[in-house]
Amino acid sequence: MKTNTFFGVLLLALFYMSCKDTKTTAKQTEPSSPATIYFNGDIITMVDSIPQYAQALVSKQGKIEFVGNQESAFKIAGTNPIKKDLNGATLLPGFIDSHGHMYNTGMLAMAANVLPAPDGPGDDFNSIVEVAKEWMTTENGKFLMSKTGWIMIYGYDDSRLKEKTHPTRELLDKISTTMPVMVIHQSTHLGCLNSKGLEMVGYNKNTKDVAGGKIKRDKDGNPTGVLEEAAFFDAILPILTKNTDEELQLRSVQNGQEEYAKYGYTTAQDGRSSSDVTSAYKIAAAQNKFFIDVVSYPDIIWNAEAMNSEFYTTNKRYKNHYRIGGVKLVLDGSPQGKTAWLSKCYHVNPDGEDGCYEGYPILPDSTATAYVTRAFKNKWQIIAHTNGDRAIDQYLNAIRTAINTHGYPDHRSVMIHGQTLRKDQIPSLVSLNILPSLFPMHTFYWGDWHRESVLGEARAAYISPTRDVLNAGLTVTSHHDAPVTFPNSLRVLDATVNRVTRTNYVLGPDQRLTPYEGLKTLTEWAAIQHFEEDYKGTLETGKLADFVILDKNPLKIDPLTIHKIQVLETIKEGKVVYEKGHMVGAYTDSEIDLDIKEAATFAAQTINNQVSVAHISEAKKQVVNGLNFTFTLTLSNKEVWQVTVYRSTDGIFSLIEKNKITS
């Protein structure tokens, strides 16, 4: 072990649970829930430096009870276990998010989507206007506009737009002149407002630039609508925070978890949580709204008071699936947005910049060092956004000063993104025990843009150098930075392994990891980053029963097809929180599989314990907090029944509806 150290799932509610007078609850008197045994598939434990497989795995009461051969597993599982036949699928530890923004992922899932292909329809300026106008008529549009007072559009990428530049206030005025409009860049580090929006935030010709940000202007000095970094955040966040209510908060939390769970994540990160986000999480935890683990890192500048919360504890354990893990510091911007702080000129300057343009810092050195030193003094884990190599230098120097001042041996400070990390900086990461959480997904999404416009060929080939940091003995993780990209774990893995751009160019082949190493960045090594390696990250006895089931084994297929792998199920502490093809509240047709047969046997015995099942037809399943099964049941005495059976996440059956069709 190295220690150099904004729908797919679960339930809004079990509305059937209110029907207590129609439920048979005989089995609910059992002293404990039955074990679940997983078998007949590729069970990859992720324990060693080379792949290790087990024939079977037993889980009970949310933890792993046994990993090993199938014969022993069935003995240990005891009487009447829940049998999970993998049918050749692959079971892995649940994926652990090493960097993302779960709350914003949930909220922006409700915004108008103008992401470029393959994730959205944002190909040109016209598409931005058309999508926004259509969105305003949708349920999500009406909801967000009623809550925030803004028309919210997310995901434009100037590098993928036909016009190859940013939208302006004049374009957004075509959407509305009476309501404020914001369109957020895919990087989330900049955005554009319409004329009404600029008026509401108070930006005009006479407004001075904000420290750590820029107000883009036309030749007459008037704001174009484009706002970078602090100029954007400082204007927008207070308005959104003021207009946020509990309904919006909880819907964002629910949406975010659903987005993460459908990609196999059982642990999500919220890096740079503002006060409204930590408030939302506190409410969600109190109401038991979390069904996956969420670890939050409040912004040390905006929200350091959150570190006084009951959800921050030195033992790093969750309360109702939520905890605060440390603090987040942002030191520069986005390379694809050309706001990252570099030591050398951008390959092609952004509009309006002359000479050798290198981006800019968010904070002066002394202020950055003061924040890092504060974290070390309080023994807070700190994670820092550093895309440009000069921002990385600033972080390294700040960590060095903090160590010399306050010590803190096992600090596990994290360098987030590290896109333009230089080779000569890697030894300092090693000596300072800084963990690199890199962003190889850039190779697919923006690799061509980096080559052509941002960095040029040589520097582009070295973005997120996973191989070199791993070879240096560092614990490396790979992330998606959702909502910058979807929290698509298989896209993360694919980019980490292949580094193939949109035009099928291999960008930095010498920095690729093997598929197994790529899986490590999503499991064991991500657990280490979060101080959770003693109960997550590998399939070992006593650890949490957090699993993801994939339709194919990433280690046994052509690596170039990894992004096509499908998540079949996500299981959190033994409970199914996502099952492919099952949307919330929707029944879907089902084959007469083992689950249906077990539900039918229970229903038959509950109706008449003197008969057996003769035939099952018209079977359907519904994912709730557990599973609902509905089917037509023919008994051995010729009676035909239409029944609905509920199986709890603990494996306990209840007959919640029965109607006799014939006698």
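**Helix packing, an open sheet and a disulfide**

Helix H8 (residues 246-261) packs against helix H9 (residues 275-286) with the two axes 9 Å apart and an angle of about 80° between them. That puts H8 roughly perpendicular to H9. As with everything described here, this comes from a predicted model. On the H8 side, the residues involved are Glu246, Gln249, Leu250 and Val253, and they meet Asp276, Ser279, Ala280, Tyr281, Ile283 and Ala284 in H9. Sorted by type, the residues of this H8 and H9 contact come out as six nonpolar, two polar and two charged.

The axes of helix H17 (residues 489-498) and helix H18 (residues 515-522) come within 9 Å, crossing at roughly 135°. H17 and H18 are therefore oblique to each other, and their crossing is right-handed. H17 brings Ser489, Val492, Leu493, Thr496 and Val497 to the contact, while H18 brings Pro515, Gly518, Leu519 and Leu522. Here the contact residues split into six nonpolar and three polar, with no charged ones.

Turning to the strands, five of them make up an open sheet, in the order E16-E17-E18-E19-E20 and with parallel pairing. The edges belong to strand E16 (326-330) and strand E20 (477-478); each has a single partner strand, so one side of each is left without a neighbour in the sheet. Helix H11 (residues 389-406) packs on this sheet, where it touches strand E17 (381-386) and strand E18 (414-417). The direction of H11 makes about 160° with that of E17.

A disulfide is a covalent bond between the sulfur atoms of two cysteines. Searching the whole structure turns up one disulfide. The partners are cysteine 345 and cysteine 356, with an S to S distance of 1.9 Å. Cysteine 345 and cysteine 356 both lie in the loop between E16 and helix H10 (365-377), so the pair ties together parts that are 11 residues apart in sequence. The angle about the S-S bond is -100°, which goes with a left-handed link between cysteine 345 and cysteine 356.

Notes:
Residues numbered from 1 in each chain as written. Predicted model: local features only at pLDDT ≥ 70, side-chain atom pairs only at ≥ 80, totals over all residues. Heavy atoms only, no water. Pairing = 2+ DSSP bridges. Helix = DSSP H or I, 4+ residues; strand = E, 2+ residues; numbered from the N terminus. Contact = heavy atoms within 4.5 Å. Axes fitted to C-alpha atoms, helices over the stretch in contact; angles between N-to-C directions. Parallel < 35°, antiparallel > 145°, perpendicular 65-115°, else oblique. Left-handed = near helix turned anticlockwise from the far one by under 90°. Nonpolar A, V, L, I, M, F, W, Y, C, P; charged D, E, K, R; others polar. Disulfide = S-S within 2.5 Å.
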